[in-house]
Amino acid sequence: MRAELTGEPDDMLGLGVTLNPRGVNPMHHDVRIYNDALADDDKAICELLAHQIDRALPEAENRIWHRHPVWFLDGNPVAGYDKLKASVRLLFWSGQSFDESELKAEGSFKAAEARYTDVAQVDVEAMQRWLGKARDIQWDYKNIVKRKGKLERLK
């Protein structure tokens, strides 16, 4: 595949799926569009986040969900990011269960976040640790509507 040889994203057979520069995990076309629409500083942060998520969760599906990039394991959202007014937020749906002081609680369920205003703020080692926990510790967001807002632990 051209993307693996040249390091450039490429549309695979016109299916709306591109490869990241490492050729590891297909990046959904809409995620690429999301990143490309950002200001340079925010785009640099998002590209690093996407690359690190792909690296840690090569089996995950990624797509735009609720207007921002999200990675799913077995249909369950585990990690994603979005551009806020003053920062880029990295979100872990089950992050409050990770026991990581750098992640701050977000919302009324089990999500936790880290926020960045500069790419140099991203601690790649910590992020890889969090992503390992995202695989191993999951709450069932996939069925939250069916369970009328009640979360159950999957792992």
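Select Glu47 and Arg32 to start: in this predicted model, their side chains meet in a salt bridge, with 2.8 Å from N to O (a salt bridge being a side-chain nitrogen of Lys or Arg within 4 Å of a carboxyl oxygen of Asp or Glu). Glu47 lies in helix H3 (residues 40-56) and Arg32 in helix H2 (residues 29-36), so the pair ties together parts that are 15 residues apart in sequence; helices here are DSSP runs of H or I with at least four residues, strands are E runs of at least two, and both are numbered from the N terminus. Arg32 is buried at 11% relative accessible area, whereas Glu47 is partly exposed at 23%, where buried means under 20%, exposed over 50% and partly exposed in between (1.4 Å probe, protein chains only).

Residues are numbered from 1 along each chain as its sequence is written. Local features need pLDDT of at least 70, side-chain atom pairs count only at pLDDT 80 or more, and totals for chains, interfaces and linings use all residues, while side-chain values use heavy atoms, with hydrogens and water left out.

Next, select Asp36 and Lys43, which form a salt bridge whose closest N and O atoms are 3.0 Å apart; Asp36 is partly exposed at 42%, and Lys43 is partly exposed at 26%.

Move on to Glu102 and Arg129, whose side chains meet in a salt bridge at 3.8 Å, N to O. This pair links distant parts of the chain, 27 residues apart, with Glu102 in the loop between strand E6 (88-92) and strand E7 (104-105) and Arg129 in helix H4 (residues 124-136).

Finally, select Asp82, Arg89, Glu106, Glu113 and Arg115 together, which are linked in a network of salt bridges; the whole structure holds 12 salt bridges.
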